[in-house]
Amino acid sequence: MRRSKKIEDFYYYRIQLPNRKGSYTVQPCFVLPYLKGYTLEVATALELMMYGVPSHKISELYGRNDSYWDNLFDSLGRFSVVGTLVKSKSELPDDYCADEKITYWNAKKISVCMVAAQNCLFCCEASWSSCAKGLERAYGIFKTEACRLKKDFAPMSINIDGWKATRLAFNNLFASTMLILCFLHGFIKIRNVAQKEPHVQTLYDHIWEAYRAEDAETFQLEIDKLNTWMEAVELKESTRKNVQKLIDKSTQYQQAYQRKEVHRTSNTVDRPMRRLDRFLFYKQYFHGHFRTAQLKTRAFANCYNFMPLSKRCLNYKQQPELYCRAAQLNRKVYRQNWLENLIVAASLNGYRTASQNKFRIFELSL
């Protein structure tokens, strides 16, 4: 038993394994890791930071200084995102959505690779570049964390956009996984150039009739109708070009009918991506060391999974006591306070052994 020098009259346990193979600290969840303070005193402040409140305003409301709050938020990024979120390998989903968010680090463009399923974020990693190798390294962290929970982990399907580097990255990581082309991205490209077309509503109806098809054969029939209609009307060259691209990719869209549970659009990952976009805009994007950017995006993912949903949203839930996305995934909570729940779930930083935790720190420094 040791007495804390940071918190008055607080004692905690330190366990030393035989032959100095490792040591562990045992402390209650109402105290922050490294004894930085009490959980209840900072939970609301960290929640406000997720909504874009700047650090200097947090300091005025809750004391301390700007660096304390920034470092405290970034420290939540040390936790394994998958290991903290999923408590049993049977809870790992089979179908995912993945996409990249383009943002800025020291005025340079970088990508934030995101993987989502069942309204939760399983990956939120900053990548130096948007090339296949850079994306493979970022998405590879998601694979590494999932494989520590389930050794033979391989998703059944992943919904992606048409970016070639994304497809190459996932082909190298998961050779047996079925990659589903996002139908929504194809429609958005058409909508961006066809808004002033005289037959725009009819064009939209043909596209969505194809999307609502119940099987691959019906889908192909609706695509053929779209092709016949396009040849009979006058359209701008840019509109006709994008519609033709959607028609040419009909075979790739039909892969989604091989499994009922697959994500045909990227809405599952687009929702947290919009949240991340607002978060980074209020933070004026990334500055300083790149490792800080990595920790911040991972901290965002952990807070996104464990922060409570709005009361209006919980009113529509059958079990309102499952107040956050992580609780709805695992069907249980450890504590009613969201930050205490996160700290309990992130025991050993979300890893199963101390050796995995040390490897993760090295991996972040690449």
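How many residues lie between β4 and β5 in the hairpin that they form, and which residue in the turn has a positive phi? The hairpin has 2 residues between its strands, and N106 in the turn has a positive phi of about 50°. This is a predicted model, in which local features need pLDDT of at least 70, side-chain atom pairs count only at pLDDT 80 or more, and totals for chains, interfaces and linings use all residues. Residues are numbered from 1 along each chain as its sequence is written, and side-chain values use heavy atoms, with hydrogens and water left out. Helices (H or I, at least four residues) and strands (E, at least two) are DSSP runs numbered from the N terminus.

- Strands β4 (95-105) and β5 (108-117) pair in the antiparallel sense over 9 bridges; two strands count as paired if DSSP finds at least two bridges between them.
- Within this pairing, A98 stands opposite V115 in β5, and Y104 has K109 of β5 as its bridge partner.
- β4 also pairs with strand β7 (residues 157-160), here in the parallel sense and over 3 bridges. Y96 stands opposite I158 in β7.
- Of the 11 residues of β4, 9 are buried, so the strand is largely enclosed by the rest of the structure. Buried means under 20% relative accessible area, exposed means over 50%, and partly exposed lies in between (1.4 Å probe, protein chains only).
- β5 is mostly covered as well, with 8 of its 10 residues buried.
- On to β6 (residues 120-127), β5 pairs in the antiparallel sense over 7 bridges, and C113 stands opposite E125 in β6.
- β5 and β6 form a hairpin with 2 residues between them, and Q118 in that turn has a positive phi of about 50°.

**The open sheet of β1, β2 and β3**

- An open sheet of 3 strands has the order β1-β2-β3, with antiparallel pairing.
- β1 (2-3) and β3 (23-26) stand at the edges with a single partner strand each, so one side of each is left without a neighbour in the sheet.
- Strand β2 (residues 11-16) is joined to β3 by 4 bridges, and the two run antiparallel. R14 has T25 of β3 as its bridge partner.

**Loop residues**

- Most residues other than glycine have a negative phi.
- D9, in the loop between β1 and β2, has a positive phi of about 55° although it is not a glycine. D9 counts as exposed because its relative accessibility is 56%.
- A107, in the loop between β4 and β5, has a positive phi of about 70° and is likewise not a glycine. A107 counts as exposed because its relative accessibility is 74%.
- N337 is found in the loop between α15 (325-330) and α16 (338-345).
- Leaving aside residues up to four places away in sequence, N337 touches T39, L40, A43 and Y323; contact means heavy atoms within 4.5 Å.
- N337 and E91 are 246 residues apart in sequence and 23 Å apart in space, C-alpha to C-alpha.

**Helix α10 and its packing**

- Helix α10 (residues 237-248) has 12 residues and reaches 16 Å from its first C-alpha to its last, close to the 16 Å expected at 1.5 Å a residue. The expected span is 1.5 Å times one less than the number of residues.
- The buried residues of α10 are T239, N242, V243, L246 and I247. Seen down the helix axis, they fall within an arc of 145°, so they line one face of α10; the arc is that of the directions from the helix axis to the C-beta atoms.
- Exposed residues E237, K241 and D248 are carried on the face of α10 turned away from its buried side.
- The buried residues of α10 pack against α7 (183-194), α8 (200-211), α9 (216-232) and α11 (250-253).
- The axes of α7 and α10 come within 8 Å and cross at roughly 170°. That makes α7 roughly antiparallel to α10.
- The contact involves F183, G186, F187, K189, I190, V193 and A194 of α7, together with S238, T239, N242, V243 and L246 of α10.
- Axes are lines fitted to C-alpha atoms, for helices over the stretch in contact, and angles run from 0 to 180 degrees between N-to-C directions. Angles under 35 degrees count as roughly parallel, over 145 as roughly antiparallel, 65 to 115 as roughly perpendicular and the rest as oblique.
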